[in-house]
Amino acid sequence: MSRIRRAALALAATGAVLAGCATDTGSIAAATGEPPATTVSGLSGQVVAMRRLTRSQYLNSIADIFGPDIKVSGRFEPIVRPVHEMIASGARASSISPAGLEQFDAMARNIAAQVFDETHRGQFVPCAPANPAKADAACASKVLTPLGRYIFRRPMTTAEQAFYVRQASDAAGPTGSFYKGLELALSAMLVSPSFLYQVETAEPDPASPGQLRLDNYSRAARLSFMLWNTTPNETLLSAAERGQLTDPARLEAIASHMVESRRFEEGVRAFFADMLLFEKFDELAKDPVVYPYFNQELAKSLPEQMLRTIVDHLLTRDGDYRELFTTNRTFMDRQLASLYQVPVRKSEGWQTYEFQPGDDRAGILGQAGFLALYSHSGRSSPTLRGRAIRELLMCQPVPDPPGDVNFTAVQDTSNKAMPTARIRLTAHRTDPVCAGCHMITDPIGLSLERFDGIGAFRTTENGARIDYSGSVDGVDFMGANGLGKAMAENVATTQCVAGRALEYATAHPSDDNYRLVDALEQKFAAQNYSIRSLFLDVATLPEAYQVKLDPLDGGKTSISLAD
Amino acid sequence: MAFDLTRRKALKGLVNGAAVAVGIPLLDVFLDGNGQALAATGARVPIRFGTWFWGLGVNPSRFYPTTTGTDYEMQPELAPITPLRHKINVLGNFNVPLDGAPNLPHRSGGVAVRTGRAMTADRGLPGESFDVAISDQIGSGTRFRSLEISSSGDPRNSLSGRGGGNLNPSEVSPAAFYTRLFGTGFQDPNSAEFKPDPLVIARRSVLSGVTEQRQALERSLGSADRAKLDQYFTSLRQLENQLEVQLTKPEPLQACLVPKPVADRPVNAEIETVMENHKLMTRLLVMALACDQTRVFNMMFNNGASSLTRIGSTITHHQLTHEEVLDTRLGYQPEATYFLTKIMEAWVDFTSALDGVQEGDRTLLDNTLVFAHSETEFAKFHTIDNLPMMTAGSAGGRIKTGQYIDGAGTPISRVGLTLQQVMGVPLDRWGSKSMETNKPVGELSA
């Protein structure tokens with residue numbers, strides 16, 4: 001059972017002091033079973049950002065609030081990723097289209113129907129309606145008020161509370177069912193912008209008169225979505241209610257607890273899936289004639305291997321971020337074992353695996369997921385791989401080819417005189433128009449040429465032996481092992497992840513905050529490049545919670561980090 | 001945005017009453033006078049608008065007619081349209097001036113056609129696409145304001161939206177598209193039975209309540225978030241409409257024949273799969289139009305930087321256009337052009353399917369205005385002036401058809417302006433900077 005539902009149950013069933021995650025004291029809300037409507041936060045604060053929930057944040061929220069046995073089925077409107085930015089930033093600009101809301105509505109009704117069906121209603125309805133065929137406002141209020149606090153990530157305002165109770169009553173009439181009434185009121189809550197968006201509100205900042213800072217409930221949601229990729233639990237909501245999240249010492253204590261929790265794994269997975277553009281795996285397809293081994297099962301294992309490596313190295317082993325590019329430890333399942341041509345003991349599931357140095361599979365860049373994603377459908381691409389490494393892992397955007405580029409110097413794959421990508425690309429790079437950008441990308445990607453378009457190992461292309469030398473920023477090396485070492489030694493790598501962590505938290509690209517990112521990177525270095533420390537530093541960074549109102553922008557607010 | 005408070009209030013008042021359906025008048029939009037009378041029922045036939053997009057342009061010298069008007073000589077790449085050429089216009093030689101903004105390959109051209117603006121950065125649409133303006137005009141009364149479809153997968157493959165982070169995502173699965181159109185919530189207009197569902201009445205009341213909360217939500221919002229909330233409530237209005245439609249006995253529609261369910265099948269960019277998915281979703285869309293479930297649609301055959309593949313080829317359609325050697329004997333790239341042949345085949349299949357449905361003395365195609373376009377002229381060089389465009393159908397006789405129209409290098413936004421005017425959007429000027437224009441394409445006026 002989920003943490004939150006456990007808490008909800010405690011509220012519902014006993015009305016006693018809250019058990020579960022609320023560590024030290026039970027809140028007044030828990031003791032009375034009905035949190036008071038707030039005037040401090042809720043909708044009365046200045047809204048400074050509306051960030052649309054991602055698919056996984058929505059799914060995790062539902063599972064936490066109602067329990068994992070409540071199934072969610074439906075399609076999620078994708079959030080548009082602004083080029084060179086994170087989906088977290090795109091979420092801040094994302095609106096909901098008619099087709100998207102239609103889907104959210106269908107999902108909401110489906111969820112609400114399960115929550116109040118005969119199997120589940122006992123867990124959420126602490127009272128018996130006077131007549132189950134009619135409205136009962138008092139009982140509906142006892143159900144919807146605590147649920148509303150979890151769904152909106154803050155107590156409902158008095159008006160909201162009255163509103164949803166009235167919805168339940170209005171709907172109980174024509175349907176002839178108290179529970180149908182609850183169901184419809186709950187589905188309305190689940191399509192409300194207050195649920196579908198993480199609404200960030202601000203209050204005057206006592207430390208900087210005239211400026212705003214995120215208020216307690218917005219901090220609770222931010223910490224929770226950033227570190228656990230889910231909705232705030234009872235501990236966070238209670239801490240927000242007591243005003244602890246604007247107290248630096250309490251904030252630090254709570255955030256430390258969160259990065260030490262097992263649930264931080266979900267946050268780390270979501271962060272890297274965003275940073276590494278894993279949504280591209282949804283559209284990954286390979287030519288079945290060229291790569292008969294490629295199938296949809298394999299396509300699912302590719303990102304999972306990368307994420308397992310990341311979690312194992314950065315969390316389980318508390319490893320140095322830089323060694324994510326050099327580690328030989330990884331995980332295999334049967335699908336991957338045949339691609340990598342290695343033996344597996346088990347016929348199902350995942351097992352640990354350690355590459356030998358001679359395998360040249362160091363780090364996440366030597367893994368098939370990365371290699372296959374940045375390839376063409378029927379062959380490898382040093383340019384795509386080099387570009388992805390520059391842009392995603394070093395945060396160095398590579399310009400698009402100019403619109404009027406002349407492709408006459410481009411490669412001809414059927415030309416017998418040019419059997420390898422290196423030879424073809426060299427021909428390409430001699431064109432001065434193309435050289436500028438290809439010099440940035442190709443020497444990196446060429447070191448990975450011993451891996452084909454799905455990441456399988458090879459030593460020749462079209463019968464010619466592959467030269468796998470490469471270079472990045474003046475450092476020459478050989479193969480994936482050499483590339484991993486060069487990446488680990490390049491400061492752009494650690495600066496990049498620090499900047500991305502800040503962007504992920506604030507939903508603003510950190511490009512304009514060099515000094516802040518530099519400072520974060522230095523602390524990161526001082527803590528052996530531990531990802532836990534980095535996320536803790538971002539989560540407790542006062543600047544990340546400061547809100548500047550831009551006077552030139554006609555009332556439009558934007559969060560800009562103090563620099 | 002105005003909401004019909006009276007109807008909602010009226011409905012709410014009737015929530016506990018038995019005779020709800022009887023009390024609700026036919027939606028105004030059903031009586032907007034846009035159509036001609038249908039002999040069978042005396043009801044009006046609606047006029048529809050849609051787009052049909054394909055990526056990677058054409059081989060210009062093998063596509064464009066060399067003379068204007070209706071007697072043009074057919075070029076080989078255009079030849080597949082021959083059976084319907086009298087219902088189709090071909091438009092060429094309109095330019096996309098970018099005013100110094102970069103030509104973002106495979107993005108800038110299509111976006112300029114649809115928004116009348118140059119993209120300055122790849123952050124979604126730089127403004128509202130004109131199909132959305134048309135759907136605001138004619139689409140707000142039906143169950144779906146518009147339907148977006150991508151035959152080659154990827155829900156993000158769409159050029160329709162209000163700008164910035166607002167993009168109408170595309171339906172990619174024929175089976176899911178079927179369920180959305182003809183599953184729960186669909187009412188057969190020709191069914192004799194009609195009984196309003198009390199659950200729908202209750203849901204309608206709940207959603208009206210959410211709209212009434214709007215003011216409370218809007219307090220203390222910045223303008224960017226206010227715009228998002230506006231879009232949210234526009235979307236909510238569609239949901240309310242869907243319920244209103246379910247509570248209203250539909251007018252019989254002669255042409256509406258409810259199709260059979262579609263089985264789950266693969267969705268990917270392999271050309272034969274795409275052709276089949278396009279055909280299936282076209283058939284469903286045609287019936288969605290004939291059954292008046294929507295009046296606006298956007299069909300993406302493939303994406304701009306086309307990821308179409310062909311079994312056995314190591315690279316995609318997009319890479320072929322850049323990397324395949326120009327065959328000097330043929331004068332074009334044969335492998336890349338193979339995909340264009342399939343695209344034209346699909347376009348003719350699409351228009352023929354619309355033309356195969358009779359509505360009174362006209363066909364569904366006649367009562368529709370379909371605008372087809374690509375995002376580049378010649379993909380090998382990413383050229384965006386002289387983008388290939390076509391129209392099919394006459395919007396119920398509102399435009400002339402059968403011609404090749406030469407834009408003489410004038411801005412491409414003239415086409416978007418004209419189409420919006422034909423569909424009743426009240427504007428006399430459209431586009432920004434060098435693409436701002438008040439000169440519709442006169443040749444189209446009937």
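Visitor: Let's start with chain B. How many helices and strands are there in chain B?

Guide: Chain B has 13 helices and nine strands. Keep in mind that this is a predicted model.

Visitor: Which domains is chain B divided into?

Guide: Domain 1 of chain B covers 1-31 + 197-246, and domain 2 covers 50-192 + 258-444. So much for the bounds; now the contact. Domain 1 of chain B gives 11 residues to it and domain 2 of chain B gives nine. On the domain 1 side, they divide into four nonpolar, five polar and two charged. The C-alpha centres of these two domains of chain B are 32 Å apart.

Visitor: What does the domain assignment of chain A give?

Guide: Three domains: domain 1 (3-261), domain 2 (330-489) and domain 3 (491-553). Take domain 2 and domain 3 of chain A, whose C-alpha centres lie 30 Å apart. Six residues from domain 2 of chain A and four residues from domain 3 of chain A make up their contact. The domain 2 side has five nonpolar residues, one polar and no charged.

Visitor: Now the place where the chains meet. How many residues does the contact take from chain B and from chain A?

Guide: There are 67 residues from chain B and 59 residues from chain A. On the chain B side, helices H7 (198-212), H8 (214-218), H9 (223-246) and H11 (317-323) each supply at least two residues. H9(B) gives the most, with 12 residues. By class, the side of chain B that touches chain A has 27 nonpolar, 28 polar and 12 charged residues.

Visitor: How do I read a sheet?

Guide: Strands of a sheet pair through backbone hydrogen bonds, either parallel or antiparallel. In chain A, one open sheet has four strands in the order S1-S2-S3-S10, with antiparallel pairing. Its edge strands are S1 (46-52) and S10 (546-547) of chain A, each pairing on one side only. Look at S2 (residues 197-204) and S3 (residues 212-214) of chain A, which pair over three bridges. Ala202(A) stands opposite Leu214(A) in S3(A).

Visitor: Which helix of chain A packs on the sheet?

Guide: H11 (residues 216-228) of chain A does, touching S2 and S3 of chain A. The direction of H11 makes about 135 degrees with that of S2(A).

Visitor: Arg222(A) lies in that helix H11 of chain A. Why does Arg222(A) count as buried?

Guide: You count neighbours: Arg222(A) counts as buried because it has 25 C-beta neighbours inside 10 Å, and the cut-off is 20 or more. Leaving out residues up to four places away in sequence, Arg222(A) touches Leu214(A) and Ala505(A). Leu214(A) is the residue opposite Ala202(A). As for Pro232(A), 10 residues apart from Arg222(A) along the chain, their C-alpha atoms are separated by 8.4 Å.

Technical notes
Residues numbered from 1 in each chain as written. Chains lettered and ligands numbered in written order. Predicted model: local features only at pLDDT ≥ 70, side-chain atom pairs only at ≥ 80, totals over all residues. Domains from an automatic or database assignment. Contact = placed C-beta atoms within 7 Å. Nonpolar A, V, L, I, M, F, W, Y, C, P; charged D, E, K, R; others polar. Pairing = 2+ DSSP bridges. Axes fitted to C-alpha atoms, helices over the stretch in contact; angles between N-to-C directions. Buried ≥ 20, exposed ≤ 12 C-beta atoms within 10 Å, placed from the backbone.
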